[in-house]
Amino acid sequence: MNLIQAILMGIVQGLSEFLPISSSAHLVFTSNFYKVFKGIEIAEQSSQEVFFDIMLHLGTLIAVLIFFRKDIWVILQAMWNALKTRNFSDLNARVGFFILLGTFVTVLIAYPLHEVAEALIYLPFVVGILLIITGGVLFLSEYLSKKAPQKSEVDLKTAILMSIAQGLAALPGFSRSGLTIATGLFCGLDRTSAARFSFLLSIPIILGASMVYPIIKLDLSELLTYNWVEIIVGTIVSGLVGYLCIKYFLKFVSNFSLNIFGIYCVITGIFTSVFFYLNR
């Protein structure tokens, strides 16, 4: 991995983590495109590549924590007051507890899929097919959301269904933000509220994966041998790009359809599926 590749991967992660286009798919595509053009066999990732992916996700986690810092503080205060008074009528408190419950639901769905998800990293043409499905879900959610009244408050049913969608997005190609926002639309949320809850819902999962996965999967004694300049630069880039992406995506989604992302997912999915199938 060189510095240019690290910057490119950071940009890809920062853009695709919060846009409904599957960050995991784009990291798979970017890494494997590089291998194909360099004549390197598409094979198991090195421990440094796995660690770098984790650090890129940590960069985007920091971005969402900074962007929603006021919201997070209000939610935490509301949860604490609700526990003290045993009064759970505050919407912010309920949202906080929905996020905790949703994290549990996500883990229940995602954990049994982790071996399949890891295998798909080396089958990028299959990841492309899943990205096409993501595009179809975005189209369907936009179509159906126009036929029903919209709401701005997340309820328990919506939170659970969005959490199930987040769990399914453990499979690369299924966009986490795409599936969760689409599910919110299916449940009657407006696009801005669905996107906001989707981003907040991602915080515990990304944080947990960033802390637990390295301990379970990586040989920490190898850390000193990694290219830390590239890793740090890529992480900073992913965070900066991720912050800007959240800011402008929320403005975009409040005024425009998600169909543009659906079109992108379908076109990119078809191209990558064909390309990697022919180069498998």
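Reader: How many residues does helix α4 have, and how far does it reach from its first C-alpha to its last?

Author: In this predicted model, helix α4 runs over residues 69-85 and has 17 residues, reaching 24 Å from its first C-alpha to its last, which is close to the 24 Å expected at 1.5 Å a residue. Just after α4, R86 takes a positive phi of about 55 degrees.

Reader: Which residues of α4 are buried, and which exposed residues does the face turned away from them carry?

Author: The general idea is that an α-helix has 3.6 residues a turn, so residues three or four places apart point the same way. In α4 the buried residues are I75, A78, M79 and A82. They cover an arc of only 100 degrees around the axis, which means that they lie on the same side of α4. The face turned away from this buried side carries the exposed residues K70, W73, W80, K84 and T85.

Reader: What ties α4 to another part of the chain?

Author: The side chains of D71 and R196 meet in a salt bridge, at 2.9 Å from N to O. Because D71 lies in helix α4 and R196 in helix α10 (residues 191-217), the pair ties together parts that are 125 residues apart in sequence. R196 counts as partly exposed at 27% relative accessibility, and D71 likewise counts as partly exposed, at 24%.

Reader: How many salt bridges does the count come to, and where are the partners of the pair E142 and R191?

Author: The count comes to four salt bridges. One of them joins the side chains of E142 and R191, at 3.3 Å from N to O; this pair links distant parts of the chain, with E142 in helix α7 (residues 124-145) and R191 in helix α10, 49 residues apart. E142 counts as buried at 1% relative accessibility, and R191 is buried with a relative accessible area of 17%. Another salt bridge is formed by E17 and R176, whose closest N and O atoms are 3.8 Å apart, and E17 and R176 are both buried.

Notes. Residues are numbered from 1 along each chain as its sequence is written. This is a predicted model: local features need pLDDT of at least 70, side-chain atom pairs count only at pLDDT 80 or more; totals for chains, interfaces and linings use all residues. Side-chain values use heavy atoms; hydrogens and water are left out. Helices (H or I, at least four residues) and strands (E, at least two) are DSSP runs, numbered from the N terminus. The expected span of a helix is 1.5 Å times one less than its number of residues. Buried means under 20% relative accessible area, exposed over 50%, partly exposed in between (1.4 Å probe, protein chains only). The arc is that of the directions from the helix axis to the C-beta atoms.
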